[in-house]
Amino acid sequence: MLITEDQYINRLKNSLHDDADNKNVLDEGFFEWEINNWSSLKVFEVSPTFNIGNYTWKIALIPNGYNDGNGEYVSLYLGNHDVELKDNLNVYGSFVFAMRNSNDYSHHHIEKTNGIECFNKNNDEHHFPKFIKKRDLFSKNKKTNKLLIENNKVVISVYLRVYRKGK
């Protein structure tokens with residue numbers, strides 16, 4: 001069954017079970033990064049920066065996995081640029097990453113944080129070193145009969161919720 005962009009975004013948003021109605025939620029938002037030439041990616045790629053919660057964020061992609069024995073996986077990282085520049089800044093957030101077919105919101109792979117993460121000078125990024133097995137990028141989905149990467153294209157999405165302070 002095909003899903004719309006709004007249904008897809010809601011699916012990501014609703015996967016974050018961390019008290020979204022909590023008065024400590026500062027902001028939340030959605031960002032997508034389209035990869036148009038998967039086969040020519042470098043060892044390490046970084047998305048354009050984006051702003052959620054008045055903070056600057058970026059996604060890092062390691063198509064051949066982080067080098068500590070995770071070579072059969074694709075690794076994804078979410079980094080906060082502001083904490084790199086300010087020693088005493090703590091930014092709290094929960095997020096869900098998804099990788100989807102560029103033409104079909106129905107075919108996607110999702111991984112989410114288990115709670116609220118703290119981004120600061122000593123820990124400016126949080127990651128999924130084993131986001132998805134590389135072989136699964138080119139395996140047809142039984143429901144959609146599509147690959148995640150088709151015509152050398154894929155989209156990486158993030159839904160991020162930013163908090164005033166940690167819990």
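A: Leaving out residues up to four places away in sequence, Glu-34 touches Ser-102, Lys-153, Val-154 and Val-155 (contact: heavy atoms within 4.5 Å). This is a predicted model, where local features need pLDDT of at least 70, side-chain atom pairs count only at pLDDT 80 or more, and totals for chains, interfaces and linings use all residues. Numbering runs from 1 along each chain as its sequence is written, and side-chain values use heavy atoms, without hydrogens or water.

Glu-34 belongs to strand S1 (a strand is a DSSP run of E, at least two residues, numbered from the N terminus). At 43% relative accessibility, Glu-34 is partly exposed (buried is under 20%, exposed over 50%, partly exposed in between, with a 1.4 Å probe and protein chains only). Phe-95 is 61 residues from Glu-34 in sequence and 18 Å away in space, C-alpha to C-alpha.

Now the aromatic pairs. The whole structure holds 8 of them (ring centres of Phe, Tyr or the six-membered ring of Trp within 6.5 Å; planes under 30 degrees apart are stacked, over 60 edge-to-face, the rest tilted). Phe-31 and Phe-50 are stacked, with 4.1 Å between centres and 10° between planes. Phe-31 sits in S1 (residues 25–35) and Phe-50 in S3 (residues 50–52), so this pair links distant parts of the chain, 19 residues apart. Both Phe-31 and Phe-50 are buried.

Phe-97 and Phe-131 make an edge-to-face pair: 6.4 Å centre to centre, 85° between the planes. Phe-97 is in S6 (residues 91–101) and Phe-131 in S9 (residues 125–133), so their pairing ties together parts 34 residues apart in sequence. Phe-97 is buried at 0% relative accessibility. Phe-131 is buried too, at 2%. Ring pairs join Phe-97 and Phe-131 with Phe-95 and Phe-128 in a cluster.

Phe-31 has a further neighbour in Ser-47. Ser-47 sits in the loop between S2 (45–46) and S3. Ser-47 counts as buried, at 6% relative accessibility. Beyond four places in sequence, Ser-47 contacts Phe-31, Trp-33, Lys-58 and Ile-59.

Next, the largest nonpolar core. It has 31 residues, and Trp-38, Trp-57, Ile-59, Leu-78, Phe-97, Met-99 and Ile-156 touch the most other members (a core is a set of buried Ala, Val, Leu, Ile, Met, Phe, Trp, Tyr and Cys joined through side-chain atoms within 4.5 Å). Two or more residues each come from S1, S3, S4 (55–62), S5 (73–80), S6, S9 and S10 (154–163). S10 gives the largest share, 5 residues. A second, separate core has 9 residues, among them Tyr-8, Ile-9, Ala-98 and Tyr-105.

S6 and S7 (residues 104–112) pair antiparallel over 6 bridges (pairing needs at least two DSSP bridges). Between S6 and S7 lie 2 residues, and the two strands form a hairpin. Ala-98 has Ile-110 as its bridge partner in S7.

The charged end of Arg-100 sits over the ring of Tyr-8, 5.7 Å from its centre (NZ of Lys or CZ of Arg within 6 Å of the centre and within 35 degrees of the ring normal).

Conventions:
Helix = DSSP H or I, 4+ residues; strand = E, 2+ residues; numbered from the N terminus.
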